[in-house]
Amino acid sequence: MNGADCDKEEDRKSSEVTMAVAITCVVLVAIDLRPAIVSIGPLLPSIRDEFAISNAQASLLTAIPALLMGLFAFPTPWLARRFGRDKVMLTADAWSRLPIVAEG
């Protein structure tokens, strides 16, 4: 095996490791964000009573996260091609945590 073959093999292994790390990160972020998205359902009656909002307004609280995820899915492939998958994922994760940090 010559040097070029070794380099190709190392690149392939590095690519597999990078993909495994990326998939692991996506799964961990999804697990981390899931409670914030689905936890509003059981609290909805209390929220509706506390803020005196209608059922239609309360339903928006459950629909907005799903709508935004769908809307932001459209530019994601373009952003990933332009800036790189890892940068886009890290930026999206940072933006999703910004309200938590701002809240204190």
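Is Asp 86 buried, partly exposed or exposed? Select Asp 86 and show the surface: the residue is partly exposed, with a relative accessible area of 41%. Keep in mind that this is a predicted model, so everything here is computed from predicted coordinates.

The side chains of Arg 85 and Asp 86 meet in a salt bridge, 3.3 Å from N to O. Arg 85 also counts as partly exposed, at 33% relative accessibility. In general, side chains of opposite charge can pair when their charged atoms come close.

Next stop: select residues 76-83, which is helix 4, and residues 85-103, which is helix 5. Their axes come within 6 Å and cross at roughly 120°, which makes helix 4 oblique to helix 5. To see where they touch, show Leu 79, Ala 80 and Phe 83 on helix 4, then Arg 85, Lys 87 and Val 88 on helix 5. Colour that contact by residue type and you get four nonpolar residues, two charged ones and no polar ones.

Stay on helix 5 and move along to Asp 93 and Arg 97, which sit four residues apart, about one turn of the helix. Here is another salt bridge, with the closest N and O atoms 3.1 Å apart.

How many salt bridges does a search of the whole structure find? It finds two, and you have now visited the pair Arg 85 and Asp 86 and the pair Arg 97 and Asp 93.

Conventions. Residues numbered from 1 in each chain as written. Predicted model: local features only at pLDDT ≥ 70, side-chain atom pairs only at ≥ 80, totals over all residues. Heavy atoms only, no water. Axes fitted to C-alpha atoms, helices over the stretch in contact; angles between N-to-C directions. Helix = DSSP H or I, 4+ residues; strand = E, 2+ residues; numbered from the N terminus. Parallel < 35°, antiparallel > 145°, perpendicular 65-115°, else oblique. Contact = heavy atoms within 4.5 Å. Nonpolar A, V, L, I, M, F, W, Y, C, P; charged D, E, K, R; others polar. Salt bridge = Lys/Arg side-chain N within 4 Å of Asp/Glu carboxyl O. Buried < 20%, exposed > 50% of the residue type's maximum accessible area, 1.4 Å probe, protein only.
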